[in-house]
Amino acid sequence: MRVMVTGANGQLGKCLQDVLAGSDHELIAVGRNELDIANASLVKRFMDAQRPDVIINAAAYTAVDRAEEEAELAFKVNAQAVGNLAEASNAAGAVLIHVSTDYVFDGSSRMPYKETDSVNPMGAYGESKLAGERAAGHAQRHIIVRTAWVFSEYGSNFLKTMVKLGRDRQSLSIVDDQIGTPTYAGDLASALVCLALNQPPNGVYHFCGGDSCSWYDFAGAIFDTCGEISSKYAVPSISPIPSAEYPTPARRPKYSVLDGSLLAFKAGIRGGDWRVSLRDVCTKVLAELDDSRA
């Protein structure tokens with residue numbers, strides 16, 4: 001099987017490359033420098049030449065706050081480009097697997113969100129991702145996977161930020177009234193590759209990383225893990241604060257836990273466990289920091 005991965009240089013893209021490197025599948029990995037997916041003619045020519053069986057779209061504009069000022073760019077990457085991939089996948093007879101987000105919901109629920117629940121994004125980022133889901137739906141064969149709070153040893157993410165801040169500060173204040181589910185990008189990558197092999201019916205599915213928690217809880221688990229790994233890591237004290245004390249340009253959903261039971265039922269794919277992945281990822285991030293300071 002020929003698998004094309006867009007956004008190959010991002011944290012999910014790199015994890016997808018790791019997963020596919022150990023398989024018999026042929027990987028076509030493209031980043032922004034190799035292919036501008038917002039350019040429809042370039043996408044068509046590339047697809048005509050490569051003829052992938054599956055496209056996994058891991059490319060995205062993810063700067064949630066900056067999207068409020070760069071909405072046009074967010075929609076270009078998160079929606080227009082997805083439409084280009086959908087059109088090209090139809091021409092090539094390929095399956096489009098598109099990654100979306102919990103930010104399509106407004107967080108007003110207190111029960112894990114199902115795929116059939118009403119969407120109501122609260123900002124430009126979520127709106128652009130919802131538009132991307134609709135664009136992906138134009139592919140004759142499409143699988144849309146919503147996920148949340150993605151972290152890994154690659155790229156920029158909450159975990160890496162916390163590990164770095166924890167080394168430099170004695171105390172931190174962390175928001176405790178936003179509840180979601182951390183998801184290891186490696187677990188998500190494995191799930192996406194499984195979907196490429198065993199394709200469920202067209203539609204939207206949810207995949208996330210296990211137990212729900214607040215950002216405060218997640219940060220605490222990160223710091224505790226780093227302290228266990230390295231005796232040199234001085235675990236900072238952390239204080240819980242409400243979102244109102246940490247204002248941001250974009251509003252975040254207060255509750256965005258995703259129900260992954262449909263994916264388990266339709267494809268036999270169950271969510272990951274972020275607590276299992278945490279030690280390995282923290283170990284790698286700490287080693288990277290040590291190398292950078294050597």
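A residue counts as buried when its relative accessible area is under 20%. In this predicted model, Ala8 comes in at 2%, so it is buried. Ala8 sits in the loop that links strand S1 (2-6) to helix H1 (11-21). Setting aside neighbours within four places in sequence, Ala8 touches Gly13, Lys14 and Gln17, and also Ala29, Val30 and Gly31. As for spacing, Ala8 and Asp18 are ten residues apart along the chain, and their C-alpha atoms are separated by 11 Å.

Zooming out, the protein has nine helices and twelve strands. Its radius of gyration is 19 Å, close to the 19 Å that the globule rule gives for 294 residues, so the protein is as compact as a globular protein of that length. Of the 294 residues, 51% are buried. Among contacts with a separation of 6 or more, 82% are between residues 24 or more positions apart.

Next comes the sheet. Six strands make up an open sheet, in the order S2-S1-S3-S4-S5-S10, with parallel pairing. Strand S2 (26-30) and strand S10 (203-206) are the edges, each pairing on one side only. Going from one strand to the next, the twist averages 20°. Within this sheet, strand S4 (residues 95-101) and strand S5 (residues 142-147) run parallel and are joined by six bridges. Leu96 stands opposite His142 of S5. Helix H6 (residues 185-197) lies across strand S3 (54-57), S4 and S5, and runs at about 165° to S5.

Then there is the helix pairing. Two packed helices are described by the angle between their axes and the distance between the axes. For helix H3 (residues 71-92) and helix H4 (residues 124-136), the angle is about 10° and the axes are 8 Å apart. Angles under 35 degrees count as roughly parallel, and H3 and H4 are therefore roughly parallel to each other. On the H3 side, the contact involves Ala71, Ala74, Phe75, Asn78, Ala79, Val82, Gly83 and Ala86. These meet Ala124, Tyr125, Glu127, Ser128, Lys129, Ala131, Gly132, Ala135 and Ala136 in H4. Sorted by class, the contact has eleven nonpolar, four polar and two charged residues.

Conventions
Residues are numbered from 1 along each chain as its sequence is written. This is a predicted model: local features need pLDDT of at least 70, side-chain atom pairs count only at pLDDT 80 or more; totals for chains, interfaces and linings use all residues. Side-chain values use heavy atoms; hydrogens and water are left out. Axes are lines fitted to C-alpha atoms, for helices over the stretch in contact, and angles run from 0 to 180 degrees between N-to-C directions. Helices (H or I, at least four residues) and strands (E, at least two) are DSSP runs, numbered from the N terminus. Angles under 35 degrees count as roughly parallel, over 145 as roughly antiparallel, 65 to 115 as roughly perpendicular and the rest as oblique. Contact means heavy atoms within 4.5 Å. Ala, Val, Leu, Ile, Met, Phe, Trp, Tyr, Cys and Pro count as nonpolar, Asp, Glu, Lys and Arg as charged, and the others, Gly among them, as polar. Two strands pair if DSSP finds at least two bridges between them. The radius of gyration is taken over C-alpha atoms; the globule rule is 2.2 Å times the number of residues to the power 0.38. Buried means under 20% relative accessible area, exposed over 50%, partly exposed in between (1.4 Å probe, protein chains only).
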